[in-house]
Amino acid sequence: MTSILLGLGAALAWGTSDFLGGRFTTRLPVFTVGFAAHASAVVLLTAALLISGAGVSGSALSWGLAAGLATSFGGLALYKGLSLGESAVVAPLSACGAVIPVAAALIAGDAPGPAALAGMALAFAGIILVSLPAEGRLFAGGRHLQPVVLGLAAAAGFGVFFLLIDRGAASDGDALVAVLFARIGAAIFTGTVGAAAGALRWPGALPGLRLSAIGAIDTAANLSFALATARGNVAIASVLGSLYPVQTLLLARLVGGERFTPRRILGAALALAGVALISA
């Protein structure tokens with residue numbers, strides 16, 4: 001029961017941090033939001049590493065830094081996409097990054113099970129439904145195409161992140177090191193590119209504290225997920241954690257006032273069902 005609650009807690013926290021990231025990006029440059037989230041996560045994960053007493057291996061460090069480039073790309077795309085007010089498109093598409101490790105296994109000749117293959121089929125069906133334009137809108141129109149592209153870009157970034165973190169997480173201690181250095185790499189990348197583009201600025205003390213909450217909530221999600229997998233079935237924890245877009249969509253509807261068409265609700269449900277099967 002504890003594992004189930006922790007898995008649900010991870011989903012709620014991930015979904016909340018994504019929603020907040022999108023909301024802040026409507027008022028601040030996406031690089032500012034991303035850098036603040038990554039920087040605050042670095043502080044918290046460093047404290048967790050020091051408390052755990054785990055050693056730092058070169059393999060976990062290098063794979064983590066590489067994974068940081070992928071997750072920073074995915075996070076920036078996700079925040080920007082959610083800021084457009086198209087959560088029903090962007091959130092479920094971003095969750096489909098789980099398809100990439102399955103596809104990589106297929107390419108490597110390590111065929112996944114029937115559940116994962118069925119999950120891929122459902123995810124692709126969901127992608128098609130949420131990507132179709134509303135009546136009277138052109139598919140290639142900027143107002144429709146941009147959220148689709150950003151959602152798929154987020155999925156690509158997160159999917160590559162999963163692959164790279166898996167390479168670096170040979171043990172529990174290495175997993176923590178890899179996640180920490182992924183955040184360090186993401187903070188360096190986001191800060192450097194943001195500064196070069198002139199899109200990185202100090203938001204002010206109070207807004208800065210609010211921005212840091214994104215990283216804190218995301219770190220809480222990561223730790224909850226880790227505890228869920230340690231105390232229970234990893235498949236169940238993965239399925240529950242993969243439902244994080246549901247929280248994002250709920251907050252977008254209840255707080256942001258977004259309206260979702262029945263087709264997009266069905267598409268989101270199919271995509272999330274597919275991701276849950278893949279995670280299992």
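This is a predicted model: local features need pLDDT of at least 70, side-chain atom pairs count only at pLDDT 80 or more; totals for chains, interfaces and linings use all residues.
Let me begin with Ile278, which, leaving aside residues up to four places away in sequence, touches Ala98, Val99, Val102, Ala116, Gly119 and Met120, where contact means heavy atoms within 4.5 Å. Residues are numbered from 1 along each chain as its sequence is written, and side-chain values use heavy atoms, with hydrogens and water left out.

Ile278 also belongs to the largest nonpolar core, which has 23 residues, and there Leu93, Cys96 and Ile278 touch the most other members. By a nonpolar core I mean a set of buried Ala, Val, Leu, Ile, Met, Phe, Trp, Tyr and Cys residues joined through side-chain atoms within 4.5 Å, and buried means under 20% relative accessible area, with exposed over 50% and partly exposed in between, using a 1.4 Å probe and protein chains only. The elements that give two or more residues to this core are helix 1, helix 4 (87-95), helix 5 (99-107), helix 6 (114-131) and helix 12 (262-279), and helix 6 gives the most, with five residues. Helices here are DSSP runs (H or I, at least four residues), numbered from the N terminus. A second, separate core of 16 residues includes Ala70, Leu176, Val177 and Ala182.

Now to the aromatic residues: how many aromatic pairs does the structure hold? It holds two, and one of them is formed by Trp14 and Tyr244, edge-to-face, at 6.5 Å centre to centre with 70° between the planes. Rings of Phe, Tyr and Trp (its six-membered ring) pair if their centres lie within 6.5 Å, and planes under 30 degrees apart count as stacked, over 60 as edge-to-face and the rest as tilted. Because Trp14 lies in helix 1 (residues 2-25) and Tyr244 in helix 11, the pair ties together parts that are 230 residues apart in sequence. Both Trp14 and Tyr244 are buried.

Is Ala252 buried or exposed? Ala252 is buried, with a relative accessible area of 1%, and, not counting residues up to four places away in sequence, it touches Phe19, Ser87, Gly257, Glu258 and Phe260. Ala252 and Arg23 are 229 residues apart in sequence, yet 9.3 Å apart in space, C-alpha to C-alpha. Leu250, by contrast, is partly exposed, with a relative accessible area of 45%.
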